[in-house]
Amino acid sequence: MKKILFASTALVATAGVAAAEITIGGSARFGLAYDESQADETRIEQRMRVNITGIAETDAGVKLEARFRLEANEDSHANDISGRGPGAAGFAVSYGGLRVDVGNVSNVLDSGDQVDYYGYGIGFTSFLEANSNFNGPATGFGADSKDFTTIKARYTVGDFSASVSYKETRAQAAVPVSPGVGGSLAVAADEEWQLGLGYTLANGMAIGAVYSDTDSAGDYWVLGLNGTAGAVGYTVMVGDGDNQQDVSVSASINYEVSSATSIRALVADGGVTGADTAYGLGFRHGLGGGVTLAGGVGSDSSGNTLADLGVSFSF
């Protein structure tokens with residue numbers, strides 16, 4: 001990640017600021033992707049993301065951050081490309097073991113504070129992830145506008161951590177006064193609360209749980225376990241909720257063949273009655289300089305074959 005440091009006399013003279021900087025960093029990827037369910041089954045996959053973060057720290061050690069994102073990727077059709085951003089900003093304040101995020105930020109589940117909700121994704125696009133057959137509410141930081149503000153707090157002490165998040169989406173709809181007569185706008189609120197707990201064991205294994213309560217989707221919960229055993233990294237997850245007919249289960253592994261090459265496998269089942277088991281197999285190979293060659297093949301919960309091959313890099 002490149003850093004642009006502002007050490008001007010104006011900044012030094014700013015009262016109460018011990019340090020300040022702007023960091024610019026991101027990632028990019030391009031290659032080929034295949035999706036059996038699409039009219040144009042094969043497409044050129046491309047995406048570039050740039051995160052711009054402003055950071056300041058007071059003399060008392062309170063750290064403040066503000067971030068937004070720029071993004072360019074393929075559009076709705078196979079050969080269309082588009083760009084968006086800067087998106088809405090996200091802010092954070094942290095001191096000691098406490099961190100509070102507000103604005104365009106992830107909730108507890110999407111942030112991965114307590115549960116590794118995505119696991120080891122397959123392919124250079126991660127076209128299959130551990131949550132492929134899960135119906136949990138996952139909203140997060142992005143390069144677009146939001147119709148809600150998310151507030152999330154996390155506190156860590158030793159090997160234990162706890163997180164809570166809240167957001168309220170408001171949608172306006174026309175309500176007629178009488179048949180055939182126009183009416184006023186009614187505002188409908190959809191609240192979401194999430195609570196997560198996590199604990200890291202002595203052997204590096206981490207266990208966690210997230211509970212979510214949303215007006216529109218009802219209750220939802222996820223239990224997760226992840227860790228490493230030698231050259232193998234693993235995630236195991238189970239979840240259920242009012243918006244699911246069956247309990248969802250998933251497992252993903254990452255096997256380090258060498259210091260540069262790894263093999264990944266994933267399986268996810270449940271969620272909706274009649275849904276197929278999602279599964280995939282992929283590889284990743286580091287080419288040096290932050291560049292990775294990756295690819296994979298798999299099948300989603302609708303039984304469609306998916307595959308990709310390409311490179312990704314960070315900067």
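# Exercises on charged pairs and cores

E45 and R29 are both buried (under 20% relative accessible area with a 1.4 Å probe and protein chains only; over 50% is exposed, and anything in between is partly exposed). The model is predicted, so local features need pLDDT of at least 70 and side-chain atom pairs pLDDT 80 or more, while totals for chains, interfaces and linings use all residues. Residues are numbered from 1 along each chain as its sequence is written, and side-chain values use heavy atoms, without hydrogens and water.

**Exercise 1.** Describe the protein as a whole by its secondary structure, its burial and its contacts.

Solution. 
- Step 1: the secondary structure consists of 2 helices and 18 strands (DSSP runs numbered from the N terminus: H or I of at least four residues for helices, E of at least two for strands).
- Step 2: 35% of the 315 residues count as buried.
- Step 3: take the contacts (heavy atoms within 4.5 Å) between residues at least 6 apart in sequence; 48% of these join residues at least 24 apart.
- Step 4: the accessible surface is about 16,300 Å², and carbon and sulfur atoms account for 59% of it (Shrake-Rupley method, 1.4 Å probe; for residues, only the protein chains shown count as cover).

**Exercise 2.** Find the salt bridge between E45 and R29 and place its partners in the secondary structure.

Solution. 
- Step 1: the structure holds 10 salt bridges (a side-chain nitrogen of Lys or Arg within 4 Å of a carboxyl oxygen of Asp or Glu).
- Step 2: in one of them, the side chains of E45 and R29 meet at 2.9 Å, N to O.
- Step 3: E45 belongs to strand β3 (residues 42-58) and R29 to strand β2 (residues 17-35), so the pair, 16 residues apart, links distant parts of the chain.

**Exercise 3.** Which parts of the chain does the pair of R84 and D144 tie together?

Solution. 
- Step 1: the closest N and O atoms of the R84 and D144 salt bridge are 3.2 Å apart.
- Step 2: R84 is in strand β5 and D144 is in the loop between α2 and β8, so the bridge ties together parts 60 residues apart in sequence.
- Step 3: R84 is partly exposed at 37% relative accessibility, and D144 is partly exposed at 29%.
- Step 4: compare the salt bridge of D101 with R99, whose closest N and O atoms are 3.0 Å apart. D101 is buried because its relative accessibility is 8%, whereas R99 is partly exposed at 32%.

**Exercise 4.** Is R264 buried or exposed, and which groups does its side chain reach?

Solution. 
- Step 1: R264 lies in strand β15 (residues 261-269) and is buried because its relative accessibility is 14%.
- Step 2: its side chain reaches the backbone oxygen of G121 at 3.0 Å.
- Step 3: a polar contact of 3.1 Å joins the side chains of R264 and N254.

**Exercise 5.** How many residues make up the largest nonpolar core?

Solution. 
- Step 1: the core has 10 residues, among them V108, L109, Y117, F134 and Y220 (buried Ala, Val, Leu, Ile, Met, Phe, Trp, Tyr and Cys residues joined through side-chain atoms within 4.5 Å).
- Step 2: α2 (108-111) and β12 (218-229) are the elements that give two or more residues to this core.
- Step 3: a second, separate core of 7 residues includes L128, L266, A268 and L306.

How values were computed
Polar contact = N/O pair within 3.5 Å; in protein donor to acceptor, adjacent residues only side chain to side chain.
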